[in-house]
Amino acid sequence: MGIPRPLSVALPFLGLLACGIDETYTGLGKGALPGDPLNPKGQKVECTGTSDCTCNCNCAGGPAADAIEDVPLVEVADLSDRAYRFDSLVLNGPFTGEVLKLLNDYFASEVEKKGLNVLLDVLLDDRDTGELTLRIGAGEASGDSFAFQDDGSEVGCILEGDRFTTAKSAFLVFPNAALKPPELPIRELELSGRVAVDGSAIAEGKLVGALTVKEAAGITVLGLPLDKFLEQSDIPPDLDLDGDKTADAWEFEFEWTAQAATIQEN
């Protein structure tokens, strides 16, 4: 199909990469300047010159307040006994074109036949503070249930209405026998999505993670360093994680959905 040989043999590797990875990110989207939509300036309060200072902003009511009231709420009082399995996974980048299509066809096939299992369970749901702690990791099927292959990784999130976003990014390592050493490190892991009001599913999910150049250089696939594998596929690093103005990582972004599942503890 005109795809370089390294890409044609990398689909199993990329399947595990997908396991470990909102438009607003906490770790990959920092640095908004004052006045930017992500960091709006405070509204100025003007006084009339008397002892009575009048606020000219929309302090209560109006569209903003109405929007907050219209946010759907999760009817389930506590999600901490809920678990999910990704039932769809779509890669948005960094690959493009025909390669992207082939990868997404691969993901769809593997998810359908339970060859690719991304598991998610809720460890803490505190509605008073909005704190939502999730565990994510690669899993394996066992009949109609699933089990984590290892301890997975905790991701601290905030639940507002039915939507959760990452408050604290995570680090995740997945085993992968196709690699030497047989593991893949994913940094700055971030999740977001919308929980069904009855807690039965998650929609509009996004998953973002970073693979550093340094760690990719220490991993080989079919004898080729992983960083060279990506660069030879015309995919240069596109993230600067340490802020030195030099790209030092690749960003992978996925969309996903999940359905309730039974997860057995090892």
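Modeller: Glu 215 forms a salt bridge with Arg 187, and their closest N and O atoms are 2.8 Å apart. Glu 215 belongs to helix α5 (residues 213-217) and Arg 187 to strand β9 (residues 183-195), so the pair ties together parts that are 28 residues apart in sequence. Arg 187 is partly exposed, its relative accessible area being 32%. Please keep in mind that this is a predicted model.

Colleague: How many salt bridges does a search of the whole structure find?

Modeller: Side chains of opposite charge can pair when their charged atoms come close. Here, the search of the whole structure finds nine salt bridges. A network of salt bridges links Asp 162, Arg 163, Arg 194 and Glu 204.

Colleague: Where do Asp 105 and Lys 101 lie, and how are they separated?

Modeller: Both are in helix α4, four residues apart, and therefore about one helical turn separates them. Asp 105 forms a salt bridge with Lys 101, with 3.0 Å between the closest N and O atoms. Asp 105 is partly exposed at a relative accessible area of 42%, and Lys 101 also counts as partly exposed, at 46%.

Colleague: Which residue forms a salt bridge with Glu 110?

Modeller: The partner is Lys 113, the closest N and O atoms being 3.1 Å apart. Glu 110 is buried, with a relative accessible area of 14%, whereas Lys 113 counts as exposed at 56%.

Colleague: Which residues of α4 are buried?

Modeller: The buried residues of α4 are Val 99, Leu 100, Leu 103, Asn 104, Tyr 106, Phe 107, Glu 110 and Val 111. Viewed down the axis of α4, they fall within an arc of 155 degrees, so they line one face of the helix. The face turned away from this buried side carries the exposed residues Gly 97 and Glu 112.

Colleague: What span does helix α4 reach, and what follows the helix?

Modeller: Helix α4 (residues 97-112) has 16 residues and reaches 23 Å from its first C-alpha to its last, close to the 22 Å expected at 1.5 Å a residue. Lys 114 follows α4 and has a positive phi, near 65 degrees.

Colleague: Is Arg 135 buried or exposed?

Modeller: Arg 135, found in strand β3 (residues 131-142), is buried, with a relative accessible area of 11%. A polar contact of 2.7 Å joins its side chain to that of Asp 121. Beyond its neighbours within four places in sequence, Arg 135 is in contact with residues including Leu 119, Phe 148, Asp 151 and Glu 265.

Terms used:
Residues numbered from 1 in each chain as written. Predicted model: local features only at pLDDT ≥ 70, side-chain atom pairs only at ≥ 80, totals over all residues. Heavy atoms only, no water. Helix = DSSP H or I, 4+ residues; strand = E, 2+ residues; numbered from the N terminus. Expected span 1.5 Å × (residues − 1). Buried < 20%, exposed > 50% of the residue type's maximum accessible area, 1.4 Å probe, protein only. Arc of directions from axis to C-beta. Polar contact = N/O pair within 3.5 Å; in protein donor to acceptor, adjacent residues only side chain to side chain. Contact = heavy atoms within 4.5 Å. Salt bridge = Lys/Arg side-chain N within 4 Å of Asp/Glu carboxyl O.
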